[in-house]
Amino acid sequence: MNKILSFILIATVLLAIDWYVFQAVRIVWEDSQAQTRRMIYGTYWTLTLLTIGILGIYPYLPASAAMLTARRFVMVWGFMFYFSKLFAVLFIAVDDLLRLGQWIYAQIASWFPQRPPKPAVAELPAELLPEPAPKGITRSEFLMQAGLVAAAVPLATMSFGIVSGAHDYRIRRVRVALPNLPKAFDGIRIGQLSDIHSGSFFNRVAVQGGVDMLLNEKPDVVFFTGDLVNDSADEMRDYFDIFKKVTAPMGVYSVLGNHDYGDYRQWPSPQAKFHNLQTLKQTHADMGWRLLMNEHIDLQADGEKIAVIGIENWGAKGNFPKYGRMKQAYAGTEDAPVKLLLSHDPSHWDAEVRRQYKDVDIMFAGHTHGMQFGIEVGSFKWSPVQYMYEQWAGLYQKENQYLYVNRGFGYIGFPGRIGILPEITIMELVRA
């Protein structure tokens, strides 16, 4: 009963928004032919009622892995549909406020005596009258049209972001020169993936294409910097065989991100949550990925070595967990000429790494996704996420230390990307 009452309340609010926006639709097309009006009005209300209907069945969809895509589609479409309509509401509200202001002005003006009308001017013959000015668009019509355009643009943009941007993988190449890089590692090519979020995928073929792009680069070593899943280890079931293909001559090394611990899901018991994390760790192992849990390994070549340090999630922004133990992972790397750190959250770099571990040459991170929304044109880049994270996409340098933030391979929440496209990083290290 509570679900039904909640749905009735939500449906009432949504229908009020729909009716308000429909006023703009009606005004814009009121001079059209009757058949055109019927088609426009019918399409509008059919989409509206279908959207409210699928939102109504959402609470009754099983919360199973098999229904995950359907549940996500319902919520994403509902959000896109009504988020876009809010833009139209703003323009219609402006018109209503202007009308209200005119009405108030007229009422106040009626309280004061009017000046007598001017004497009538003798009418001119019709042939001497000027041509009538062409009929222009009224302010109300302009605002209604602008409102509908303002609603259509975000709806079309978000739809394109799902259809095209979600799997429009881009290889980003970067070269970093390190003065202490051993000769045996001069020119080493590092592939980086981050934020796979396998539970969000809906296009297996496209995901395979992204992995193939990485493998075609033939990196010497691959780093994965966290968030293999959204919450549950089961999300990897349909994509295990794809990511198992990610191999490299020097190995694949991975760390956990904030989503990998299952902290954002209600588990039936602490034991179930613990079992999920153990299953996820085993998934890394079964794929041949060496999961670094607050520890390090040495990459060896021609009798020389560099250290790869990997820590669990450590976030300085928001309420993200601090499971990482940098001191523990760092111990034993003091004599390594080059130290590479895998740490999911880029805020870790300024908060701890640069302050206490100044000999860590490069930190590899992800986490931000570039918010999956922004603008990148040449060297210019902007995203709302930059107001929370100083380092959010690409290569950063302070003094002699570097940070690279991968834009993410997958997505979460909104199943697409607008402007900030999914990334496969290829970093080449050279001797300075």
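User: Is Lys 339 buried or exposed?

Analyst: This is a predicted model, in which local features need pLDDT of at least 70 and side-chain atom pairs count only at pLDDT 80 or more, while totals for chains, interfaces and linings use all residues. Residues are numbered from 1 along each chain as its sequence is written, and side-chain values use heavy atoms, with hydrogens and water left out. Buried means under 20% relative accessible area, exposed over 50%, and partly exposed in between (1.4 Å probe, protein chains only). Because Lys 339 has 2% relative accessibility, its class is buried.

User: Which residue forms a salt bridge with Lys 339?

Analyst: A salt bridge requires a side-chain nitrogen of Lys or Arg within 4 Å of a carboxyl oxygen of Asp or Glu. For Lys 339 the N to O distance is 3.1 Å, and the partner is Asp 359. The two positions are 20 residues apart: Lys 339 lies in strand S8 (residues 339-342), and its partner in the loop between helix H9 (347-356) and strand S9 (362-365). At 29% relative accessibility, the partly exposed member of this pair is Asp 359.

User: Which residues are linked with Glu 376 and Arg 407 in a network of salt bridges?

Analyst: Arg 407 is buried, its relative accessible area being 4%. The network holds Glu 376 and Arg 407 together with two further members, Arg 172 and Glu 423.

User: What relative accessible area does Arg 237 have?

Analyst: Arg 237 forms a salt bridge with Asp 238, with 3.9 Å between the closest N and O atoms. Asp 238 is partly exposed, at 45% relative accessibility. Arg 237 counts as exposed, with a relative accessible area of 54%.

User: Which strands stand at the edges of the open sheet?

Analyst: The open sheet has six strands in the order S1-S14-S2-S3-S4-S5, with mixed pairing; two strands pair if DSSP finds at least two bridges between them. An edge strand has a single partner, so one of its sides is left without a neighbour in the sheet; this applies to strand S1 (170-178) and S5.

User: What angle does the direction of H7 make with that of S5?

Analyst: Strand S4 (residues 252-254) runs parallel to S5, the two being joined by three bridges. H5 packs on the sheet, touching S1, strand S2 (188-193), S3 and S14, and its direction makes about 10° with that of S14. H7 also packs on the sheet, touching S3, S4 and S5. With axes fitted as lines to C-alpha atoms, for helices over the stretch in contact (heavy atoms within 4.5 Å), and angles running from 0 to 180 degrees between N-to-C directions, the angle between H7 and S5 is about 140°.

User: Which residue of S9 is the bridge partner of Leu 340?

Analyst: S8 and S9 pair in the parallel sense over three bridges. Both faces of S9 are covered, with Ile 362 and Phe 364 buried on one side and Met 363 and Ala 365 buried on the other. The bridge partner of Leu 340 is Ile 362.

User: Which residue in S13 stands opposite Phe 364?

Analyst: S9 pairs with S13 in the parallel sense over four bridges. Opposite Phe 364 stands Tyr 404.
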